[in-house]
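The sequence and structure come first, and the discussion follows.

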Amino acid sequence: MYKNEGNPAASARLPALVLGLCFLFNFLARGIGDTFMVFLLPLQAEFGWQRSQMTGVYSTLMVISGLSSPLAGLLIERWGPRKLYSVGIAVLACGYFLAAFATKIWHFYLYVGLLGGLGAGAIGMVPATALLSRWFSHRFGAATGIAYAGFGCGSLVMVPLTQALIDASGWRATYRWAGEALLVVLVLSQFIPWRSILVGRTDPLSPRLARGAAGAKSASAGLRSALGQRRFWLMVQTMFFTAVGMYLVIVQSVAYLVDVGFPPLKAASAFGAAGMLSVVGVSSAGWIADRFGYKLSATASFIGTASGVAMLYSLSFGPSTVLLACYVLLFGLFQGVRGPLIASLSSRLFAGPGQAAIYGVIYACMAIGSGIGALLSGVLYDATGSYSLAFMLSLGCLAIAAAPFWTSDLLRHNRAAD
C-alpha cells in the first residue's frame with residue numbers, strides 16, 4: 001500500500017510515477033530482448049548453428065511478443081496492471097534464467113523466443129498505452145513519446161552491458177544474471193501503488209479502465225469496430241512495413257559491424273548509442289507532430305532512417321569511424337519515431353472502450369513485421385553470404401511504410417478526430 005495515497009501532494013506525483021513505470025517496463029521489455037543480438041556470435045562459435053537458425057530465435061521473440069499484445073490489452077482491462085505486470089516479469093525471468101542452461105537450438109526458441117516474447121508483450125507498450133491514456137488525456141502524444149524512449153534507453157544500456165558481461169564471464173553466466181535481476185524487479189514491483197494508479201485521473205475526458213468481464217466485453221466490441229475501418233489498416237501498413245525494414249538491418253547490425261572490421265565492444269556500443277539517440281527522437285515525436293503536422297514529421301523520420309541504412313551499408317566497402325557516426329546519428333535519431341506517431345493517432349481515432357486492445361493489434365502487426373524482418377535477414381545472409389540484399393529490401397519496405405501519409409485519407413480522418 002502506498003503510504004501517501006490519500007495525500008494530495010502524493011496524488012500529484014502519481015502521473016510522474018505512471019510515466020516513469022511505463023518508461024521502465026519498456027526499458028526492460030526491449031532492452032532484454034535486444035541483448036540477443038550480442039549473443040549471436042558466441043552461440044555460433046560454440047554450437048556452429050547457421051545464422052538463420054539464430055535470428056529465428058529473435059524473430060520468434062518478436063512475433064510472440066506481438067501476438068500476445070492484443071491479449072495484454074484485454075487482460076489489463078480484466079485483471080488490472082498489478083497482476084498483468086507481475087505475471088509478465090515472472091515469465092520473462094524464468095525464460096532468461098533457463099536460457100543459461102540451454103544446449104539445443106530449440107531450447108532458445110522456447111526460453112528466449114516463447115517465454116521471452118510472452119513476458120515482453122505483457123509488460124510492453126500496449127499496457128503502457130492503456131495506463132497513459134488515463135493519466136495524460138491532454139498530453140498523450142508527449143507522454144507516449146517519453147514511454148517509447150524506454151525502448152531506446154533499454155538498448156543503450158542493456159546491449160553494451162551484456163556484451164561486457166559476455167566478454168568477462170561468458171554467455172551462460174550472463175543469461176543467469178539477467179534472470180536473477182528480473183526476479184528482483186518482480187519483488188520490487190509488489191510495492192508499487194497499483195491501486196492508486198488504477199483509479200486514474202478524475203478528469204472526465206480521461207478514459208477509464210473498466211475491470212472484469214464487462215470491461216473485456218466492451219473492449220472486444222471496440223476492437224471489432226476498428227477492424228472494419230480502413231484507417232486502422234493504414235496504420236497497420238505503416239507499422240508492419242516499418243518493422244520489416246528496420247529489422248532486416250537491426251538484428252544483425254552488431255554482427256555486421258564486427259564482420260566489416262570493428263571490435264565487438266565498439267560494435268555493441270554503436271548499437272547502444274543509436275538507441276540513446278532514439279530517446280531524443282521518440283520523446284519529442286509527439287510535440288513535433290503537433291507543431292509541424294504528422295505528414296512532415298513522418299516523412300522526415302523515414303528519410304532519416306533510410307539515410308541511416310545507406311550509411312550502414314556503405315561500411316561494407318571498408319570500416320570508417322565517420323560513416324559509423326553518421327549511421328548512429330541518422331538511424332538512431334529516427335529509430336522508433338513512428339511508434340509514438342501511430343500510438344497518438346490510434347488513441348485519437350479509436351478513443352473509448354477497447355483502445356488498448358486496438359493498439360495491441362496494431363502493435364502485434366508491427367511485431368510480426370519485426371519477426372519477419374529478423375528471420376529474412378538471416379535467411380538472406382545464409383543464401384548469399386552477404387548483407388546487401390537485406391539492405392536493399394529494407395529501403396523498399398520503408399517506402400511502402402511511408403505511403404499512407406501521402407497517398408491516403410489517414411490524416412484527414414485525424415483532423416476530423418482533432
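Over the ring of which residue does the charged end of Arg338 sit? In this predicted model, the charged end of Arg338 sits over the ring of Phe302, at 4.8 Å from the ring centre. Lys83 takes part in another such contact, its charged end sitting over the ring of Trp79 at 5.5 Å from the centre.

Contacts between rings are also present, and the structure holds 21 aromatic pairs, including the two compared in the table.

| Ring pair | Distance between centres | Angle between planes | Geometry |
|---|---|---|---|
| Trp49 and Phe108 | 5.7 Å | 75° | edge-to-face |
| Phe240 and Phe241 | 5.1 Å | 90° | edge-to-face |

Ring pairs join Trp49 and Phe108 with Phe39, Phe47, Tyr96, Trp171 and Tyr175 into a cluster. As for the other pair in the table, Phe240 is partly exposed at a relative accessible area of 21%, and Phe241 counts as partly exposed at 25%.

Helix H5, which spans residues 105–123, also contains Leu114. With a relative accessible area of 33%, Leu114 is partly exposed, and together with Trp106, Leu110 and Leu118 it forms a nonpolar surface patch whose accessible area is about 350 Å² in total.

Notes
Residues are numbered from 1 along each chain as its sequence is written. This is a predicted model: local features need pLDDT of at least 70, side-chain atom pairs count only at pLDDT 80 or more; totals for chains, interfaces and linings use all residues. Side-chain values use heavy atoms; hydrogens and water are left out. Patches are made of residues with over 30% relative accessible area and no salt bridge: like charges are joined within 9 Å, nonpolar side chains (Val, Leu, Ile, Met, Phe, Trp, Tyr) within 5 Å. Accessible areas come from the Shrake-Rupley method with a 1.4 Å probe; for residues, only the protein chains shown count as cover. A salt bridge is a side-chain nitrogen of Lys or Arg within 4 Å of a carboxyl oxygen of Asp or Glu. Helices (H or I, at least four residues) and strands (E, at least two) are DSSP runs, numbered from the N terminus. Buried means under 20% relative accessible area, exposed over 50%, partly exposed in between (1.4 Å probe, protein chains only). Rings of Phe, Tyr and Trp (its six-membered ring) pair if their centres lie within 6.5 Å; planes under 30 degrees apart count as stacked, over 60 as edge-to-face and the rest as tilted. A charge sits over a ring if NZ of Lys or CZ of Arg is within 6 Å of the ring centre and within 35 degrees of the ring normal.
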